[in-house]
Structure formats: structure tokens, C-alpha cells
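Hi everyone, thanks for making time today. Let me put the structure up, and then I'll walk you through a few spots in it.

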Amino acid sequence: MSTLLRVLVIVITVLSAASLYFAFDNFNKRQILLGRNAALVKQVGQIAQTIEKEDAKLADGESALELLKDTSPVADRVLPNPEKEDLLETYPCWLETQNLPTLSFASDDKQIQLMTYYAIDEEGKIKVSPVNGQKVTTGPGTMQELLDLLGTRAIAQQATLNKTRAGMSKLRTQLTDSVEEINQLKLDGRVALKDLTERKEEIVELNASLEKEKATVAKQTGEIRDLKGTVSDLEDQVETLGAEKAGLTDDLAKSYEMNEALKEEIRKMRQGVDRGVPGGEILSSFEMSAGDKGKVIEANDEFKFAIIEFSNDAMREMLGEERENALPQVNMNVRRTGRQSATGDFVTRVKLRQPVRGKNIVVADILSDWQQSPVEKGDVVFF
């Protein structure tokens with residue numbers, strides 16, 4: 001009997017030790033799961049703050065933008081009703097709306113919902129599906145409800161981003177056409193100014209000739225009786241010269257007005273470029289040190305865009321110490337370490353477009369004209 005008791009004591013002792021071991025092991029695993037769940041909840045909350053709660057749209061009473069461009073040819077007459085084209089007829093101006101409200105999962109009830117896997121009924125019990133008898137994990141009050149909302153808004157925001165890119169591309173084309181038209185107007189203006197200068201010189205010569213003729217007439221007053229016929233011809237010539245002078249003066253006034261109009265058009269276009277019109281030139285005043293600035297963390301060769309993570313120093317160079325400045329739309333180079341080709345490790349160039357607020361992330365366009373191969377994750381961005 002004593003032997004049996006000793007065996008039972010030993011068995012119970014071994015089982016107790018095993019239970020203690022498994023208790024410690026399960027506790028460690030539970031801590032891992034709790035930490036992992038807390039990290040996921042925190043990250044989902046941060047991502048939600050970058051997703052807009054609703055799509056941008058025109059406010060009540062707000063109308064679409066209108067920009068009428070004179071499309072009638074330039075002629076030597078004033079057109080009371082020139083033909084005009086609305087450049088912004090199809091422009092989605094509501095996409096310019098800034099600081100739209102974003103999703104927020106920071107409240108206590110949202111944090112609790114993010115950690116609630118099963119649906120809870122009114123009695124505080126886990127809901128069970130009457131169809132298959134499984135515990136319900138979707139619907140109001142569950143983590144899945146918030147994740148579905150986040151996914152839906154992310155898809156909508158990506159569609160808005162693509163629509164914005166399309167609008168920017170169209171504006172760039174319109175800007176290019178306008179610049180080419182202005183360049184042609186400037187060329188025509190230079191020709192008109194050259195012709196005007198020549199006409200001014202002719203007027204000076206004609207005035208000098210007129211003065212000379214007047215002096216001759218004054219000198220030969222005593223001979224007027226004998227030279228009435230000659231004087232009559234000279235007076236007719238003076239009248240002709242006066243008429244030509246009046247015509248040249250009118251032409252000079254018209255050319256001056258055309259020149260002033262060209263200057264005003266050029267001034268307005270330069271102001272548009274200086275204000276950062278989409279598709280504008282790179283800011284000439286921007287300076288940046290040479291060297292590696294960041295790396296590609298995502299790229300899409302089909303839609304020609306890349307997501308770049310910059311270093312803190314690079315972000316300060318671009319946005320200022322407090323990141324208070326607007327992102328300069330500059331071109332940067334992309335290379336791939338270890339790549340061997342005719343062009344070395346050079347991959348392409350990219351043009352910076354949009355920073356992600358509060359992070360070192362910038363969205364950039366891939367410049368196809370420079371591309372040697374598709375941009376890949378991990379490629380180095382340098383200036």
C-alpha cells in the first residue's frame with residue numbers, strides 16, 4: 001500500500017511540474033499574442049488617419065471653374081466677339097479640396113471594437129449563426145466592420161488619386177499648347193517690332209527730307225514766281241508724305257498695343273507657372289546636396305509611379321527644418337546596386353509629386369523618357 005502511495009505521489013508531482021511548465025509556456029505565448037494584437041490595432045489606427053472619410057465634391061452653391069481662352073486668329077482688326085474655348089470645362093475642380101476629414105479609430109470604443117473578433121448580442125454573449133452554428137465574426141461592433149470600412153475608403157481614395165493624375169496630365173498638355181502658342185506670338189511680335197523699327201527709321205528720314213524741302217522753299221522764296229509749277233509739285237509731295245506719316249503713326253500705335261497685350265499674356269503665364277500650376281517647370285531656386293536620398297519601397301510600372309522613403313536629412317532639405325515648405329517638384333535619379341548594363345547601375349529618373357503628411361514618404365512619377373528598366377523595390381534614389 002505504501003508503495004502504491006509513493007507511486008501516486010511521484011505521478012502527481014510529475015503532472016504538477018508538467019502543468020506548471022505548460023502554464024508558463026502558455027503565458028508567454030499569450031503575451032506574444034497580446035503584443036502582436038496591440039501593434040496591429042495601433043498600425044490600423046495610423047493607416048486610418050491617412051484615408052479620407054468621404055470623397056471630395058463641390059460644396060452647395062459652388063460651381064465648376066471656368067477659364068475662357070480666345071481661339072480666334074490674330075488679325076489687324078478688333079473682334080467684338082472672338083471665339084472662345086473653356087479650358088476647364090471637364091476639369092474636376094473638386095479634387096483640389098484640401099484637408100478632407102479622415103477616418104479615426106482613436107476613440108476608446110473604436111479601440112475596443114478593433115480588439116473584438118466575435119459579434120456580441122444585447123445580452124453580452126457571442127452571437128452564433130443560426131445557419132451553420134458558427135460564431136459570428138462580421139457585422140456591427142466587430143473588428144471586421146472597421147477593416148471593411150477602411151478597405152472600401154482606401155479603394156475609393158486610390159480611384160480619386162488616379163483621376164487626379166489624369167487631370168494633371170490633361171492640364172500639362174493644355175499648358176504645353178499655351179506655351180507654344182505664346183512662343184509663336186512672341187516670335188510674331190518680334191517681327192512686328194522689327195517692321196515697326198524700320199518704319200520709324202523711314203519716318204525719321206521722311207521728316208528730314210521734309211525739313212530739307214522746307215528750307216529749300218524758304219531759300220528760294222524769290223524764285224517762287226518763276227517756279228510755281230515746281231512748288232505745286234513739291235506741295236503735293238509734302239501732302240503725300242504727311243498722309244504716309246499719319247498711316248505709319250497709326251500702325252505704330254497698333255503695334256504698340258499688340259506688344260503690350262503680348263507682354264500681359266506672358267506676365268500672366270509666368271505668374272501661373274510661379275504659383276505651381278500642375279505640369280509647371282522645376283523651381284530654379286531649389287538647391288539640394290548631392291548623394292543618396294532614399295530608396296523605393298513600392299513601384300508600379302504600368303501606371304508609372306513609385307513610392308519613395310527618404311531620409312530625415314533629405315526631407316529637411318526639401319521641406320525645411322520644420323517641414324513647413326511645399327514639396328519642390330524636382331527630378332531625381334534612380335539606380336540599382338549591382339546592376340550591370342550598358343548604362344551602368346542607372347535605372348531611370350523620377351519627378352517628385354506628393355508627400356505623405358507626417359512621414360518620410362513621397363509619391364513620384366516615373367519619367368518614361370529616361371527609363372532603362374522597370375523600377376523595383378529597394379532601388380536607391382539619389383540627387
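So, the protein has five helices and eight strands; helices (H or I, at least four residues) and strands (E, at least two) are DSSP runs, numbered from the N terminus. Going along the sequence, the order reads α-β-β-α-α-α-β-β-α-β-β-β-β.

A word on where this comes from. This is a predicted model, where local features need pLDDT of at least 70 and side-chain atom pairs count only at pLDDT 80 or more, while totals for chains, interfaces and linings use all residues. Residues are numbered from 1 along each chain as its sequence is written, and side-chain values use heavy atoms, with hydrogens and water left out.

How much of the protein counts as buried? Of its 383 residues, 24% do, where buried means under 20% relative accessible area, exposed over 50%, and partly exposed in between (1.4 Å probe, protein chains only). The protein exposes about 27000 Å², and carbon and sulfur atoms supply 54% of that; these areas come from the Shrake-Rupley method with a 1.4 Å probe, and for residues, only the protein chains shown count as cover. As for contacts (heavy atoms within 4.5 Å), if we take those between residues at least 6 apart in sequence, 61% join residues at least 24 apart.

Now please look at strand S5. S5 is mostly covered, with five of its five residues buried. On one side we have Asn331, Asn333 and Arg335, on the other Met332 and Val334, and all are buried. What does S5 pair with? Strands pair if DSSP finds at least two bridges between them. Five bridges join S5 to S6, residues 346–355, and the two run antiparallel. In that pairing, Arg335 stands opposite Phe346. S5 also pairs with S8, residues 380–382, in the antiparallel sense over three bridges, and there Asn333 has Phe382 as its bridge partner.

Let's stay with Asn333 for a moment. Why is Asn333 called buried? Because its relative accessibility is 18%, and the cut-off for buried is under 20%. Beyond its neighbours within four places in sequence, Asn333 touches Phe346, Thr348, Arg349, Val380, Val381 and Phe382. With Arg349, the contact is also polar, side chain to side chain at 3.0 Å. A polar contact here is a pair of N or O atoms within 3.5 Å; within protein, one must be able to donate a hydrogen and the other to accept it, and residues adjacent in sequence count only if both atoms are side-chain atoms.

Arg349 also lies over the face of Trp370, 4.8 Å from the ring centre. The rule for a charge over a ring is NZ of Lys or CZ of Arg within 6 Å of the ring centre and within 35 degrees of the ring normal. Lys135 gives us another case: its charged end sits over the ring of Tyr118, 5.2 Å from the centre.

That brings us to the aromatic pairs. Rings of Phe, Tyr and Trp (its six-membered ring) pair if their centres lie within 6.5 Å; planes under 30 degrees apart count as stacked, over 60 as edge-to-face and the rest as tilted. By this rule there are two aromatic pairs. Tyr21 and Phe22 are edge-to-face, 5.5 Å centre to centre with 65° between the planes. Tyr117 and Tyr118 are edge-to-face as well, at 4.9 Å and 75°. Tyr118 is partly exposed, at 29% relative accessibility.
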